[in-house]
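Morning, everyone. Please have the sequence and the structure open while I talk.

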Amino acid sequence: MTEQFDAVDIIRAKRDQEPLTDAQIDWLVDAYTRGVVADEQMSAMTMAILLNGMSRAEISRWTHAMIESGERMSFAGLSRPTADKHSTGGVGDKITLPLAPLVAAFDVAVPQLSGRGLGHTGGTLDKLESIPGWRASLSNDEMMAQLDSVGAVVCAAGAGLAPADRKLYALRDVTGTVEAIPLIASSIMSKKIAEGTGALVLDVKVGSGAFMKTLESARELARTMVDLGTDAGVRTVALVTDMSVPLGRTAGNAVEVRESLEVLAGGGPADVVDLTVALAVEMLAAADRPASEADVRAALADGRAMDKWRAMIAAQGGDVDAPLPVAKESETVVAPESGVLVSLDAYAVGVAVHRLGAGRVRKEDAVQAAAGIEIHVKPGEPVAAGQPLFTLHTDTPERFARAREALEGGWAVEPEGVGGGVLGGTLAGAASALSTVDVGAGALVGAALAADESVVLDRIV
Ligand code: URA
């Protein structure tokens with residue numbers, strides 16, 4: 001077959017900051033999916049995109065080409081409206097687990113295609129697979145049937161959905177090009193648009209534990225994705241949320257399922273509950289089934305969300321009453337002195353959890369269901385000398401040393417009344433840009449976040 005373009009010409013054009021045509025983009029994405037454009041050529045291209053960026057028209061066409069590389073699903077036959085949520089990835093981010101059944105409790109269908117752990121960030125499917133019997137792979141028909149009967153499904157994206165992204169993502173992961181905003185935006189949005197959801201709420205994470213380290217870059221990513229969704233006819237809203245500190249008090253696989261069950265039983269840590277409720281309110285509004293924050297909280301307190309959870313897990317073979325796996329070995333890290341925990345870095349915790357066995361080094365690796373960390377003290381809370389700060393769990397105790405190493409420098413205890421307050425990690429630099437956070441003299445942004453317990457930093461529509 002004669003090819004329409006030469007890949008090298010397109011790479012040179014992006015290298016030299018010349019605009020790409022629709023035809024060039026369509027051909028490049030298609031030819032890469034077909035194996036005509038080689039990995040080394042696409043590596044050069046993605047690096048040129050990372051360095052030189054893409055115009056809005058180029059990002060839009062690139063996303064379109066990725067969608068066209070595979071099938072498109074449609075939920076038009078369902079009796080309920082659909083709403084999906086996507087997080088750009090974080091540490092302790094178990095929000096999908098309580099959120100999907102919570103939204104389904106309001107008669108909105110939630111088709112949540114989720115991923116596995118990536119780098120230091122956890123994966124929803126890995127967490128759910130710690131439930132005995134639960135199955136992540138569903139056929140399109142099974143997914144549709146479950147959406148009809150239960151109203152919520154969390155499963156792996158089928159191989160037919162945006163195959164160009166699957167190939168490109170694996171390449172970016174090993175070529176230092178994950179962080180390019182046009183590539184992240186087109187990767188996420190091609191899958192969400194191809195999936196066919198009517199409404200989409202994006203949780204764009206910012207901070208040390210996220211891919212976006214600054215508020216400015218998180219806002220740019222959020223704006224790019226909202227525009228892509230809106231242009232494709234998907235009602236799209238983004239919340240920019242804090243990921244400088246882990247979400248909740250657990251990070252790992254089964255430990256996060258356990259914490260999610262606390263939320264579904266009407267309890268759980270305030271930051272997890274608040275973010276779950278904020279995202280649910282946005283999803284319901286975007287699906288034209290508005291509910292107040294109080295209504296949504298009530299569905300957690302009175303068991304409606306838990307009932308949906310049980311139905312959702314059971315429909316995918318999960319034994320909802322079986323005990324969750326417990327690690328063979330545990331160790332604690334204790335406070336060296338009395339005082340206040342003044343910092344807890346999400347990235348350090350994410351790396352430690354990964355090293356305990358909750359994540360993969362190679363994509364074919366198995367993860368340990370019981371590996372993870374329990375966080376007993378969060379920033380701003382007092383601690384006594386010798387009191388446990390963290391409990392580390394793994395089945396393979398030789399992993400403890402490297403996990404402890406990852407945590408070193410990732411937290412600090414200071415005697416009460418010393419220093420300028422709680423440290424906010426990388427978000428501190430963005431303090432002046434935050435409208436919702438009052439940054440007083442001597443107090444950095446993390447202190448203010450801890451004080452008003454708000455993890456939502458911005459909302460972009
Ligand atoms: N999640 C995705 O699906 N793609 C990215 O590029 C980053 C996060």
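Two notes before that. This is a predicted model: local features need pLDDT of at least 70, side-chain atom pairs count only at pLDDT 80 or more, and totals for chains, interfaces and linings use all residues. Residues are numbered from 1 along each chain as its sequence is written.

Helices (H or I, at least four residues) and strands (E, at least two) are DSSP runs, numbered from the N terminus. A residue is buried if 20 or more other C-beta atoms lie within 10 Å of its own, exposed if 12 or fewer, and partly exposed in between; the C-beta atoms are placed from the backbone.

Start with helix 2. It covers residues 22–34, 13 residues in total. From first C-alpha to last it reaches 18 Å, close to the 18 Å expected at 1.5 Å a residue. That expected span is 1.5 Å times one less than the number of residues. Which residues of helix 2 are buried? They are Ile25, Trp27, Leu28, Val29, Tyr32 and Thr33. What covers them includes helix 1 (7–15), helix 3 (39–52), helix 4 (56–68) and helix 8 (163–173). Contact here is C-beta to C-beta within 7 Å, again with C-beta atoms placed from the backbone. After helix 2 comes Gly35, with a positive phi near 90°.

Next, the ligand. Around it sit Thr88, Gly89, Tyr169, Leu183, Ile184, Ser187 and Ile188. To count as near, a residue needs its C-beta atom, placed from the backbone, within 6 Å. Helix 9 (residues 181–195) gives the largest share of this shell, four residues. By type, the shell has four nonpolar residues, three polar and no charged. The classes are these: Ala, Val, Leu, Ile, Met, Phe, Trp, Tyr, Cys and Pro are nonpolar, Asp, Glu, Lys and Arg are charged, and the others, Gly among them, are polar.

On to the sheets. Two strands pair if DSSP finds at least two bridges between them. Strand 5 (residues 235–242) runs antiparallel to strand 13, over four bridges. Within that pair, Thr241 has Val456 as its bridge partner.

Another open sheet has three strands, in the order 10-8-12, and its pairing is antiparallel. The edges are strand 10 and strand 12, each pairing on one side only. Look at strand 8 (residues 339–344). Five of its six residues are buried, so strand 8 is largely enclosed by the rest of the structure. Two bridges link strand 8 to strand 10 (residues 382–383). There, Gly339 stands opposite Val383. Four bridges link strand 8 to strand 12 (residues 411–414). On that side, Val340 partners Glu414, and Leu341 stands opposite Val413.

Now strand 11 (residues 388–394). Five of its seven residues are buried, which leaves the strand mostly covered. Strand 7 (residues 329–334) joins strand 11 through six antiparallel bridges. Val334 has Pro388 as its partner there. Strand 9 (residues 372–375) joins strand 11 through four bridges, also antiparallel. In that pair, Ile375 meets Phe390.

Last, the backbone angles. Most residues other than glycine have a negative phi. Ala162 has a positive one, near 45°. This residue lies in the loop between strand 3 (152–156) and helix 8. Asp288 is positive too, with phi near 65°. Its loop runs between helix 12 (270–286) and helix 13 (293–301).

Are these two buried or exposed? Ala162 is buried, because 29 other C-beta atoms lie within 10 Å. Asp288 is exposed, because its count within 10 Å is 12.

Conventions:
Contact = placed C-beta atoms within 7 Å.
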